[in-house]
Amino acid sequence: MDEKILEIRNLSVEYYRRKRVIPAVRNVSLEINENETLGIVGESGCGKSTLALAILRLINLNEGKITSGEILFRETDNGKRPSAGEAGITENKDILKLSEEELEKIRGGKIAMVFQDPFTSLNPVIRIGEQIAEVIRIHQLSIIHPPSPLLRFAKQSGRDCGGRANYQLPIKEKVIQILKQVMIAEPERVYNSYPHQLSGGMQQRVMIGMAISTRPKIIIADEPTTALDVTTQKEILELLKFLRKELSMSIVLITHNFGIICEYTDRVIVMYAGEIIEEGEVKKIFSLPLHPYTQALIRSLPKKGEKPSRLSAIPGQVPDMLSLPPGCKFNPRCEKRMNICLSNEPKLLLVNQRKVSCFLYN
Amino acid sequence: MIGYILRRLLLMIPLVIGITVITFLVMHLAPGKPTDLVTEMQVKVGAEARERLKTLYGLDKPWYVQYFNWLKRLTRLDFGKSFKDDRLVSKKIFERLPATLLLNISSLLLIFSFALPIGIYSAIRQNSLFDKGMTVFVFLGFSVPTFWLALLLMILFGIKLGLLPISGLRSLNWDDLSFLGRTWDIVKHLILPVFISGFTGLAGLSRYSRASMLEVIHQDYIRTARAKGLPEKQVIFKHALRNALIPVVTILGLSLPDLIGGSFIFETIFSYPGMGRLGYEAIMARDYPVVMGVGTIAAFLTLLGNFLADITYAYVDPRIRYR
Amino acid sequence: MWKIYWRRLKRNKLALSGLSIILFLTILAIFAPLLTPYNPLEQNLLARLSSPSKEHWFGTDDLGRDVFSRIIYGTRISLTVGFVAIGIAIIIGTIIGLISGYFAKKIDLILMRFVDIMLCFPAFFLILMVIAFLEPNIYNVMIVIGLTSWPGLARLVRGECLSIKEREFISAAKILGLSTIRILFVHILPNVLAPVLVSATLGVGSAILIESGLSFLGLGVQPPTPSWGNILTSGKDYIYLAWWLSVFPGLAILITVLAYNLLGEGLRDIFDPRTFEG
């Protein structure tokens, strides 16, 4: 359960606008465990989406690049059930060092993504059925010609390779099955529809279907509900929660909404100005936030039984990534600012069963 | 889809009426009556022609009667008879139409088959040497007087190198040629006119498809396609191309008037036996019935082209097809 | 705002190069009599069709006239036609576009249909037709090019006007009780000026192209007045004998139109709201 499946070490991403450099993600390290839902929370512009894109190297080269770090993905060669003798044939691959071809196998195959706005994220001129089918087709190819002889042996001896028996079905039926799995009522109709003929919630279900169609190890959901209305939001999040258990994968849920984090994630990472400032189990952080920023975030949540007039906002403005202050990046907005905060940058240290980066606890 | 086509057809009705009104107006724009002008400028068109024009246009009647008579004749494609040789204008035009269509359709094919790859390649290699070269080409394409380029190419390929014929559509020895020889002969005669008449369009469409492609590859669904693990080739050719084509198809329809307008000048330079040269010669000879006929047919060809572009547009964009 | 544009202009290579060529050409046109070695109309039958030499840089034409001098004088024709024709087009296009965009509904529908119809005619043939009915001379050429070049501009202005009239300051002006004409010309017009300027600059280039095409076909500026187009006509007539009659006037057209296109594209960058900063 607690085994790491993805580990990011000292990742930094920069964007370039004109001749200026925007340090969108700075020296971030984190890990994702098997079968967990990891939440990443922060204000818009704090680098959480960039981080998500960077994991699959989806940063547009004209706009920015990953300047340093490692993204280690642990690949178990034989799916969930390694043959007895070779249990744990695992390999840590650095995604940043993979060739285009190897990268394409991971993208959508091992790690899938669900984006914020399903309407713009689905291709408007291709039918839904084909948009899902092509993912299956492309990743199936890499299974027919597996890189390791071990898998070929497993296939020949007729063993069940962890759900891969499904690939024997004609692709259309497989797609219909997936549409049912994401709770779409009329899978046949949706199969033949174009994106603009579906509602936002349906479109997001399709995106999720696309993501789970290859049984990935990790799904990265970048604000999957921000573009949807409130009731649909809940349905989509419940669906993700259900599928995570059903398919035993990990989910990285990126959001700016701490309420969603509390309800749907196991562990949370709080980001501010491109850095991780606090990380730990959701329950612990929610009951006792340590970093002043996390405290403010939680305080700003509406509480049950309280009038909405008592909503408190975090003072100050979202930081300007082009001119970050020296010292702790949060210091201009911090209530508990000390002299050291103005000159020195705090480090992420283990405090009270979690990591926090604040001089209050050094 | 059928509903869409019908709607487009309905929208064309005011355009058709408008075209006929404008043609009719232009005819009456001349200082005094067209009949006066004809007889002043051309001595050989005498009193007889003046009478004929008068009855043809019914110039003694009020303008709306004249207009409806003109419409009525239009439905029968009756533009009267040419002053020059007394032949039916419609007949003269339809003799020349195939050559003009051959020229314009070949240019369209040239434009499409080169502009798209050029535009797409420079979009996906933005800021590369090829892209910069294309930008220069586009600037030249918009700035060069094409009739001058035609002269230069005639001097180079026709006179200095002697590789290509510089006028007409057939060689003098046409009758002696085999079928293959005739085809090759026509192709040789077409190369320069097609290249020249497609030149500006080529530059324009390359630039346009580059811009369209650039916009598309920054869309979210392209990121999705990459995130799915599709190879770059499929991302470009399956996901980006069809979306980039949508606006290009529209612009193609809009570029038709320029193409047809261009044939008046290019056909004249290359002494090409098409409708454009017929129109030009008619203008120079003040052969009004022919001028009006050519003008109307050209406008309707443009309209037809726009309609075809609309249908293609709906075909590539399901958001139009299924509403 | 215009200060920012001016600062951007000084840094935009496209616009600067276009602008300097245009200034240079304008100086040529104004001081043509001082700069030309020969009278452009003076015939020298002893030196007919002589190739470029020290005496005649660009050679002479079929009547022995100095091609260099004729091309310099031709600058006057091209620039004048370009400016006047586009001036006419701007006036008509802006007014129709503003009215169409501001009043919307029926007026808009009718005007835009009219624009569609105009765009359906091959503009060049329409011009040919009209010129054929009128007398071909420089004035008619300018007027007719102007009268056929406005529909694109009208569409552009209408689009801009549609979006601007939804902004708060226009509602404020309406509430203050300003007259419609004042709102249109004092409050909306300045805001559509930038795209109009871009499109007009590019338009001058194509007007020059059309004029040279007309003159080339004998329907524009009439000889003996020198225009780049009608020098090219003799180039075509003597295509086997005198390449210089074709090459130089064409180059003059190319450079001039290129300059306007460079300036136009440069201005487009300068006015583009997406390229903020500095």
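**Helices, interfaces and a sheet**

Me: Is the crossing in which H7(B) passes H11(C) left-handed or right-handed?
Reply: Helices (H or I, at least four residues) and strands (E, at least two) are DSSP runs numbered from the N terminus. A crossing is left-handed if the near helix is turned anticlockwise from the far one by less than a right angle, and right-handed if clockwise. The crossing of H7(B) and H11(C) is left-handed.

Me: What kind of model is this, and which pLDDT must local features have?
Reply: Residues are numbered from 1 along each chain as its sequence is written, while chains are lettered from A and ligands numbered from 1 in the order in which they are written. The model is predicted; totals for chains, interfaces and linings use all residues, side-chain atom pairs count only at pLDDT 80 or more, and local features need a pLDDT of at least 70.

Me: At what angle do H7(B) and helix H11 of chain C pack?
Reply: Axes are lines fitted to C-alpha atoms, for helices over the stretch in contact, and angles run from 0 to 180 degrees between N-to-C directions. The axes of H7(B) and H11(C), the latter covering residues 243-271, lie 10 Å apart. The angle between them is about 145°.

Me: Which residues of H11(C) make the contact with H7(B)?
Reply: Two residues are in contact if their C-beta atoms, placed from the backbone, lie within 7 Å. H7(B) contributes B:Trp148, B:Leu151, B:Leu152 and B:Ile155. By class this contact has six nonpolar, two polar and no charged residues. From H11(C) come C:Trp243, C:Ser246, C:Gly250 and C:Ile253.

Me: How many charged residues does the side of chain B that touches chain C have?
Reply: The contact takes 38 residues from chain B and 36 from chain C, and among the elements of chain B that each supply at least two residues are helix H1 (2-29) and helix H13 (288-316). Ala, Val, Leu, Ile, Met, Phe, Trp, Tyr, Cys and Pro count as nonpolar, Asp, Glu, Lys and Arg as charged, and the others, Gly among them, as polar. On the side of chain B there are 29 nonpolar and eight polar residues, and the charged residues number one.

Me: Which element gives the largest share of the side of chain A that touches chain B?
Reply: This contact takes 25 residues from chain A and 20 from chain B. Helix H2 (100-106), helix H3 (118-121) and helix H4 (128-144) of chain A give two or more residues each to the side of chain A. That side divides into eleven nonpolar, nine polar and five charged residues. The largest share, four residues, comes from H4(A).

Me: What covers the buried residues of H10(C)?
Reply: A residue is buried if 20 or more other C-beta atoms lie within 10 Å of its own, exposed if 12 or fewer, and partly exposed in between, with C-beta atoms placed from the backbone. Seven of the ten residues of H10(C), residues 228-237, are buried, including C:Trp228 and C:Leu232. Their cover includes helix H4 (67-103), helix H9 (180-216) and H11 of chain C, together with H7 of chain B.

Me: Which strands stand at the edges of the sheet in chain A?
Reply: Two strands pair if DSSP finds at least two bridges between them. The open sheet has eight strands in the order S6-S7-S8-S3-S9-S10-S12-S11, with mixed pairing. Each edge strand has a single partner, so one side of it is left without a neighbour in the sheet; these strands are S6 (111-114) and S11 (349-351).

Me: Over which residues of chain A is the pLDDT under 50, with 24 contacts beyond four places in sequence?
Reply: pLDDT is the predictor's confidence in each residue, from 0 to 100. Chain A has a mean of 83, and 85% of its residues reach 70 or more. Where pLDDT is low, the predicted coordinates should not be read in detail. The stretch asked for is residues 142-168.
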